[in-house]
Number of protein chains: 2
Amino acid sequence: MITEKQIVQFDSISLDAGTTLAPVDVAYETYGELNAAKSNAILVLHAFSGDAHAAGIDKDSGNTGWWDNMIGPGKGFDTDKYHVISSNVLGGCRGTTGPISINPATGCPFAMSFPAVTIQDMVRLQKMLIDRLGIKKLLSVSGGSMGAMQALQWAVAYPDAIASAIPIAGTARHSPQQIAFNEVGRQAIMADPDWNEGNYYGHRPPARGLSVARMVGHITYMSDASMREKFGRRLRDQNQFEVESYLRYRGSQFVDRFDANSYLYITKAMDYFDLTNGHSLSAAFEGVKARFLVISFTSDWLYPSYQSLEVVRALRGRNCDVAYCELPSSYGHDAFLVNVTEQAELVRGFLASTFRERA
Amino acid sequence: MITEKQIVQFDSISLDAGTTLAPVDVAYETYGELNAAKSNAILVLHAFSGDAHAAGIDKDSGNTGWWDNMIGPGKGFDTDKYHVISSNVLGGCRGTTGPISINPATGCPFAMSFPAVTIQDMVRLQKMLIDRLGIKKLLSVSGGSMGAMQALQWAVAYPDAIASAIPIAGTARHSPQQIAFNEVGRQAIMADPDWNEGNYYGHRPPARGLSVARMVGHITYMSDASMREKFGRRLRDQNQFEVESYLRYRGSQFVDRFDANSYLYITKAMDYFDLTNGHSLSAAFEGVKARFLVISFTSDWLYPSYQSLEVVRALRGRNCDVAYCELPSSYGHDAFLVNVTEQAELVRGFLASTFRERA
């Protein structure tokens with residue numbers, strides 16, 4: 001499946017920060033056919049560093065999509081049955097408007113003058129995209145990690161626009177430990193003199209800081225057990241362990257595909273996201289109408305199961321239709337991306353029953 | 001109890017790297033009286049960023065020692081009964097020779113020309129100190145984290161020189177996750193242009209890099225639960241969470257008391273330490289004669305209990321006298337420093353029975 005990114009432009013979007021961004025681009029891809037009733041559309045929501053390219057082989061880069069093992073003919077999100085839409089988030093750096101985009105008022109990149117964005121803003125822009133595509137009600141919204149946060153926000157903000165939600169390895173709000181790891185990444189970037197208060201476009205990017213930030217991220221995405229299995233204490237050479245060489249490589253690789261200012265904006269959006277809004281999660285779910293499939297993984301210590309269970313309890317307290325499954329895996333937070341056999345089975349069954357129910 | 005650091009100098013020490021360091025200084029402190037038989041001496045071993053000032057109030061700085069809640073009259077290491085010795089490790093920056101020390105051959109600080117040091121080298125230098133103090137056999141050696149590694153190394157290298165060992169929250173070898181977190185810290189330091197290949201003495205130190213490294217460290221020393229308890233999602237002001245402000249403060253504070261090159265050398269020593277030496281841990285413990293009290297903490301995810309249990313099983317396989325206790329605590333790895341009531345009780349009883357047995 002060869003895929004190609006599309007861009008749609010909107011005149012403007014109102015942001016939670018009280019400002020307006022105009023115009024605003026959204027990069028997106030679709031897989032599978034939309035049926036005549038427009039009742040088989042599923043929106044997948046990417047995690048922190050993901051993009052619109054969720055499945056297939058990108059026409060230009062040749063890269064495989066980040067959830068290609070979940071999206072395709074016969075897969076969890078079966079493109080023989082469903083029309084899958086994936087868009088890059090607001091504040092990102094992969095085609096949707098973000099700090100790297102040109103500010104029409106100045107003719108220069110926004111950099112740190114880009115307005116603060118929230119998970120709510122990201123979802124609002126996704127809703128605009130879905131409206132533009134002429135889809136009144138999505139069969140489902142689903143994503144892992146930050147994608148799960150967006151799925152929950154969809155259920156709360158647009159209860160009539162989704163039939164179901166599948167938040168995976170996510171949370172209704174970051175714990176201080178999650179905030180802390182993000183803050184380390186941000187400080188690493190801002191400590192790099194090449195960051196230059198965000199004004200590095202056209203110059204050398206803060207590659208060293210961004211690379212350190214990504215190294216921290218990778219440790220938190222894996223588990224103690226999966227690192228022992230993958231690396232053990234094997235040496236690459238006399239002076240470095242394999243795990244060190246791997247992390248350095250992944251860190252430096254990240255610099256080529258991600259913008260440091262987007263790192264700052266998106267992690268802040270995740271950290272400030274709090275569905276409870278200072279009240280109870282149960283109250284937040286008051287108007288929710290969707291069915292839910294909530295998934296977490298045993299070895300995920302970054303988004304531990306207790307965070308998914310908090311969501312499940314609050315939904316059940318509102319008498320919502322919610323299935324919860326904690327899947328066994330040693331892959332840590334990465335499990336939703338790499339260890340998908342059981343996850344795909346659950347998603348396939350849940351979507352089929354949701355589709356039947358709607359029909 | 002007012003304390004004062006003492007320095008003893010040795011002509012030279014042979015290092016595992018095959019080089020000789022000459023001369024070499026050791027900073028140490030002692031608490032409580034050495035008895036006439038010299039049979040009541042205990043060596044406490046500090047963790048990564050600790051120093052010789054383990055207890056009491058330092059005469060010059062007014063600072064309280066890092067294990068003051070464990071060492072003193074009536075405490076776990078009861079200075080009414082025992083003579084406690086604490087020394088700064090080789091490669092450190094708090095009085096014992098390290099990268100910040102002057103290389104007599106050049107008249108300049110060693111910086112990165114300082115030879116690689118190992119946990120074995122650190123322990124060899126401690127043995128020289130104990131010999132110099134005229135103590136033939138220590139009643140016990142004890143420490144947490146890197147201190148536990150040293151305690152295990154003492155038991156293996158000098159079986160006749162210790163009656164007991166109390167390794168706390170430690171391991172016989174770092175897991176790839178532990179190595180990975182250390183590597184992130186090292187990369188953060190080396191990414192700071194002020195590091196300048198280690199040649200920053202007399203100039204601005206790599207404060208930003210060292211501060212980021214310390215922030216990562218602090219997250220790993222706490223637990224998810226203790227961070228939720230201490231910070232929750234409370235804001236310090238509109239733009240930062242309390243946990244962010246705390247980490248930044250602890251990071252910047254660390255810069256004033258720790259040398260970045262020592263950070264590199266000591267974390268490398270920890271990462272390369274492997275008591276199994278490519279064979280089995282049981283084989284490593286073949287000649288061990290000491291009694292053991294091994295302690296770990298339920299919420300310590302940096303040095304998880306399974307690592308202490310690996311040590312316990314190997315010791316039992318050699319028919320060693322070993323007591324093991326996993327203490328309940330929500331404080332994570334920090335527990336051995338802050339949550340000491342039960343730990344002190346265990347240590348007190350273990351030391352008393354060891355002392356009785358020897359007498």
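1. In this predicted model, chain A contains 11 helices and 18 strands. The radius of gyration of chain A is 20 Å, close to the 21 Å that the globule rule gives for 359 residues, so chain A is as compact as a globular protein of that length. Its C-alpha trace spans about 60 × 50 × 45 Å along the principal axes.

2. Of the 359 residues in chain A, 57% are buried. Among contacts in chain A with a separation of 6 or more, 72% are between residues 24 or more positions apart.

3. The contact between the chains takes 35 residues from chain A and 35 residues from chain B. On the side of chain B that touches chain A, helices H3 (176-191), H4 (207-221), H5 (224-230) and H6 (242-255) of chain B each supply at least two residues. H3(B) gives the most, with 10 residues. By class, this side of chain B has 19 nonpolar, 11 charged and five polar residues.

4. Within chain B, strand S14 (residues 164-168) deserves attention. Five of its five residues are buried, so S14(B) is largely enclosed by the rest of the structure. In a regular strand, side chains alternate between the two faces of the sheet. Both faces of S14(B) are covered, with B:Ser164, B:Ile166 and B:Ile168 buried on one side and B:Ala165 and B:Pro167 buried on the other.

5. S14(B) pairs in the parallel sense with strand S13 (residues 140-144) of chain B over four bridges; B:Ala165 is the bridge partner of B:Val141. From S13(B) the chain crosses through helix H2 (residues 146-157) of chain B to S14(B), a right-handed β-α-β crossover.

6. S14(B) also runs parallel to strand S17 (residues 291-297) of chain B, joined by three bridges. Here B:Ser164 has B:Arg291 as its bridge partner.

Key. Residues are numbered from 1 along each chain as its sequence is written. Chains are lettered from A and ligands numbered from 1 in the order in which they are written. This is a predicted model: local features need pLDDT of at least 70, side-chain atom pairs count only at pLDDT 80 or more; totals for chains, interfaces and linings use all residues. The radius of gyration is taken over C-alpha atoms; the globule rule is 2.2 Å times the number of residues to the power 0.38. A residue is buried if 20 or more other C-beta atoms lie within 10 Å of its own, exposed if 12 or fewer, and partly exposed in between; C-beta atoms are placed from the backbone. Two residues are in contact if their C-beta atoms, placed from the backbone, lie within 7 Å. Ala, Val, Leu, Ile, Met, Phe, Trp, Tyr, Cys and Pro count as nonpolar, Asp, Glu, Lys and Arg as charged, and the others, Gly among them, as polar. Two strands pair if DSSP finds at least two bridges between them. A crossover is right-handed if, with the strands pointing away from the viewer, the path from the first strand over the helix to the second runs clockwise.
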